[in-house]
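Welcome, and thanks for taking a look at this one with us. Below is a short tour, going from the whole chain down to single residues.

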Amino acid sequence: MTQEAVLGPLDGNTLKELARVICGDDHLYYRRGFEIAQFLENAGWLNVPEYDGEYRGEWTLQLLTARRDSPTELEKVLVRLADAREYLDEPGVLATVVNAVNTFLVHEGFRLENPGGRPRIVVCDPALAHPGQQAPVELKATMAEIIREPRMAALLQRRLDEARTCFANGAHIAAIIMLGSLLEGVLLTVIEERDASLLSNKDPNFIGLKALIDICHQAGWIDIDMERYSQTLREYRNFVHPRREFREAHSPDRDTLTVSWYVVNGTLNDLAASHLGADT
């Protein structure tokens with residue numbers, strides 16, 4: 001169950017970022033000075049002063065700072081930013097605004113959500129600001145450096161992004177399953193693009209992840225450590241079948257997911273490096 005947030009005083013830099021999002025720009029929802037005052041009133045603030053013509057950002061920051069020690073007032077502002085009624089003329093911008101807020105709010109240990117159109121603030125781990133970056137191996141490669149086919153590279157990148165979304169929401173098993181799916185798709189595509197004969201006439205629709213890992217290791221595209229750890233990720237990926245998890249003595253947790261990121265990051269780095277070496 002998601003834990004509802006109890007806000008405390010926010011850091012000064014967090015307030016600056018919050019003021020920036022409220023004001024908006026070409027990429028967010030732009031508000032003129034008087035519209036900022038209206039936004040704050042819509043959020044439930046009382047006694048909002050009339051906009052005095054100052055720079056929008058400075059004026060907004062002053063108002064936020066004045067209520068810094070009133071967490072409920074700041075919570076009203078955050079929740080209003082995730083309220084679809086605020087963007088009736090530009091409904092598509094809602095997700096962009098929520099994402100913009102979460103990029104800095106996560107450092108306070110909170111996250112803004114809008115499930116089913118019901119905006120709320122929930123508690124989260126500040127470490128989720130950079131999912132996958134906590135792993136012992138940093139991801140240095142891009143999908144386009146590994147996969148030549150642009151549409152497949154984009155599809156696999158979306159899988160990686162979805163794994164990060166699962167991570168950010170504490171869905172450890174879902175993230176691990178998504179990472180396993182990503183790894184399977186990357187390895188199969190790499191084999192088909194580099195040397196399809198290695199599949200030995202096996203149907204790509206039915207070849208398993210274990211065989212793909214073995215092929216890529218034997219081809220010298222992934223190192224022995226990644227080959228071994230990839231097999232472990234494969235085992236956890238099989239938790240997509242609930243009965244498989246039921247038979248195990250434990251369920252994957254954040255530590256398991258950190259190891260899985262290590263596997264994926266390291267394997268993608270190996271694949272990129274071997275591809276680069278083949279081209280030189």
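Of the 280 residues in the protein, 44% are buried. Please keep in mind that this is a predicted model.

**The chain as a whole**

The protein has 11 helices and two strands. Read from the N terminus, the order of its elements is α-α-α-α-α-β-β-α-α-α-α-α-α. Along the principal axes, the C-alpha atoms take up a box of roughly 75 × 45 × 30 Å. If you take the contacts between residues at least 6 apart in sequence, 63% of them link residues at least 24 apart.

**Two helices side by side**

Two packed helices are described by the angle between their axes and the distance between the axes. How do helix α8 and helix α9 pack? Helix α8 covers residues 209-218 and helix α9 covers residues 224-237; their axes lie 10 Å apart, at an angle of about 170°. An angle over 145 degrees counts as roughly antiparallel, and α8 and α9 are therefore roughly antiparallel to each other.

On the α8 side, the contact is made by L209, K210, I213, D214 and H217. Their partners in α9 are I224, E227, S230, Q231, R234 and R237. By type, the residues of this contact comprise three nonpolar, three polar and five charged.

Is T267 buried or exposed? With a relative accessibility of 0%, T267 counts as buried. Neighbours within four places in sequence aside, T267 touches L183, L187, I222, M226 and S230.

**Aromatic rings**

A pair of aromatic rings is described by the distance of the centres and the angle of the planes. The structure contains two such pairs, and here they are together:

| Aromatic pair | Centre to centre | Angle between planes | Arrangement |
|---|---|---|---|
| Y29 and Y87 | 5.0 Å | 90° | edge-to-face |
| Y51 and W59 | 5.1 Å | 80° | edge-to-face |

Where do Y29 and Y87 lie? Y29 is in the loop between α1 (12-23) and α2 (33-42), while Y87 is in the loop between α4 (71-81) and α5 (94-105), so this pair ties together parts that are 58 residues apart in sequence. Y29 and Y87 are both buried.

In the pair of Y51 and W59, planes at 80° make the arrangement edge-to-face, because an angle over 60 degrees counts as such. Y51 is partly exposed, at a relative accessible area of 24%, whereas W59 is buried, at 3%.

Arginines meet rings here as well. The charged end of R67 is placed over the ring of W45, 4.0 Å from the ring centre. R194 sits over the face of W221, with 5.1 Å to the centre of the ring.

**Loops and backbone**

Most residues other than glycine have a negative phi, and most peptide bonds are trans. Which phi value does N47 have? For N47, phi is near 60°, a positive value in a residue other than glycine. N47 is located in the loop between α2 and α3 (56-66), and its relative accessibility of 73% makes it exposed.

S200 is another residue other than glycine with a positive phi, here near 55°. S200 belongs to the loop between α7 (172-195) and α8, and it is partly exposed, with a relative accessible area of 47%.

At 62% relative accessibility, A144 counts as exposed.

E90 is found in the loop between α4 and α5, the loop that also holds Y87. Its relative accessibility of 41% means that E90 counts as partly exposed. From E90 to P49, 41 residues away along the chain, the C-alpha atoms are separated by 26 Å.

Key. Residues are numbered from 1 along each chain as its sequence is written. This is a predicted model: local features need pLDDT of at least 70, side-chain atom pairs count only at pLDDT 80 or more; totals for chains, interfaces and linings use all residues. Side-chain values use heavy atoms; hydrogens and water are left out. Buried means under 20% relative accessible area, exposed over 50%, partly exposed in between (1.4 Å probe, protein chains only). Axes are lines fitted to C-alpha atoms, for helices over the stretch in contact, and angles run from 0 to 180 degrees between N-to-C directions. Helices (H or I, at least four residues) and strands (E, at least two) are DSSP runs, numbered from the N terminus. Angles under 35 degrees count as roughly parallel, over 145 as roughly antiparallel, 65 to 115 as roughly perpendicular and the rest as oblique. Contact means heavy atoms within 4.5 Å. Ala, Val, Leu, Ile, Met, Phe, Trp, Tyr, Cys and Pro count as nonpolar, Asp, Glu, Lys and Arg as charged, and the others, Gly among them, as polar. Rings of Phe, Tyr and Trp (its six-membered ring) pair if their centres lie within 6.5 Å; planes under 30 degrees apart count as stacked, over 60 as edge-to-face and the rest as tilted. A charge sits over a ring if NZ of Lys or CZ of Arg is within 6 Å of the ring centre and within 35 degrees of the ring normal.
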